[in-house]
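Here's a quick tour for anyone meeting this protein for the first time. Have a look at the fold, then read on.

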Amino acid sequence: MPLNDFGNVGDAYQRYSDGIRGRIRHELVFQVVAGLINAGGTVLDMGCGGGEISVRLCEAGFRVLGVDTSSEMLRRANMRKAQLPEQARKRLNFEVGTIENFEPGQTFDAVCCHGVLMYLDDSCAAIQTLADHVSPGGVLSILTKNALSNGFREALRGDYTLARELIETGAASSIGNLGISTRGDNPSAIVDLMKQFGFDDCQWRGIRIFSDHLDADRFNDSMADALIALEQAASMRDPYRIMARLFHATGQKVR
Ligand SMILES: C[S@@+](CC[C@H](N)C(=O)[O-])C[C@H]1O[C@@H](n2cnc3c(N)ncnc32)[C@H](O)[C@@H]1O
């Protein structure tokens, strides 16, 4: 499936996003990103999809530009924007674009790229391009799939043959939530790239360590707060974080 057709899986992505695994991911990532940007700062949300993080950051007072290749995903994002109060709507814009072709020289206090690199063949060029759009002192926030834990979800779900194959071959790719093959990265390699492209205070957190295999049968809303607190507690601690399905790498651009 060409990536500019992500809108074809828009309904399935929305179901995932609204489900427990999506909610945990969005909440953990939002809290970290919102805590790193100065009040009122500008944000580029590259590969914004249906606008989940764009809207949350806008509601938190930041000025956000969401960019995506898929006009269908942007239609969904604009529907969410339309629900916001007028003052918030003025702080939020969406436009069609790509990492590769986004206007050179345009910089932001924060650049987010969440859940996108896993669909690209390689992360290096994308991170270099995204880094160029961060203002000095600004934040780069990357969320992608953790290659080191490939097979763990499959094992916890009882697909032992596939889990063993993924683990024995050291495969970086596997079938993700949407039935599409997604490629993982090594968190340390992404942190090293961020340092190479001019960032310090680089950190990475595991996202969905204990919750990646959950589905509606094994979860109810009364568990959410305790589960998110548990995930937060483990997110920067070894050995737990290395088993997370996703990882969230952040860094601050050297002034
Ligand atoms: C899994 S969704 C993630 C959406 C959102 N960032 C989130 O975290 O919920 C991936 C999005 O990346 C977009 N995308 C894929 N390749 C892209 C590229 N090269 N440049 C910009 N967006 C891209 C897709 O259209 C899709 O909407």
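## Overall size

With 255 residues, a compact globule would have a radius of gyration near 18 Å, and the protein comes in at 17 Å, which agrees. That radius is taken over C-alpha atoms, and the globule rule is 2.2 Å times the number of residues to the power 0.38. Along its principal axes, the C-alpha trace spans about 50 × 40 × 35 Å.

Keep in mind that this is a predicted model: local features need pLDDT of at least 70, side-chain atom pairs count only at pLDDT 80 or more, and totals for chains, interfaces and linings use all residues. Residues are numbered from 1 along each chain as its sequence is written, and side-chain values use heavy atoms, with hydrogens and water left out.

## What's inside

The protein has ten helices and nine strands; these are DSSP runs numbered from the N terminus, with helices (H or I) of at least four residues and strands (E) of at least two. Buried residues make up 54% of the 255, where buried means under 20% relative accessible area (1.4 Å probe, protein chains only). Among contacts (heavy atoms within 4.5 Å) between residues at least 6 apart in sequence, 75% join residues at least 24 apart.

## The sheet

Seven strands form an open sheet in the order β3-β2-β1-β4-β5-β9-β8, with mixed pairing. Two strands pair if DSSP finds at least two bridges between them. At the edges sit β3 (92-96) and β8 (199-207), each pairing on one side only. Neighbouring strands are turned by 15° against each other on average, direction ignored.

Now zoom in on one pair: β4 (residues 108-114) and β5 (residues 134-145) run in the parallel sense over six bridges. Alanine 110 has valine 139 in β5 as its bridge partner. Helix α2 (residues 20-36) packs on the sheet, touching β4, β5, β8 and β9 (246-253), and its direction makes about 10° with that of β9. Helix α4 (residues 71-82) also packs on the sheet, touching β2 (63-68) and β3, at about 165° to the direction of β3.

## Two helices crossing

How do α1 (residues 10-18) and α2 meet? Their axes come within 4 Å and cross at roughly 70°. Axes are lines fitted to C-alpha atoms, for helices over the stretch in contact, and angles run from 0 to 180 degrees between N-to-C directions. The two helices are therefore roughly perpendicular (65 to 115 degrees).

The α1 side of the contact includes Tyr13 and Tyr16, while α2 brings residues including Ile20 and Arg21.

How values were computed:
Parallel < 35°, antiparallel > 145°, perpendicular 65-115°, else oblique. Buried < 20%, exposed > 50% of the residue type's maximum accessible area, 1.4 Å probe, protein only.
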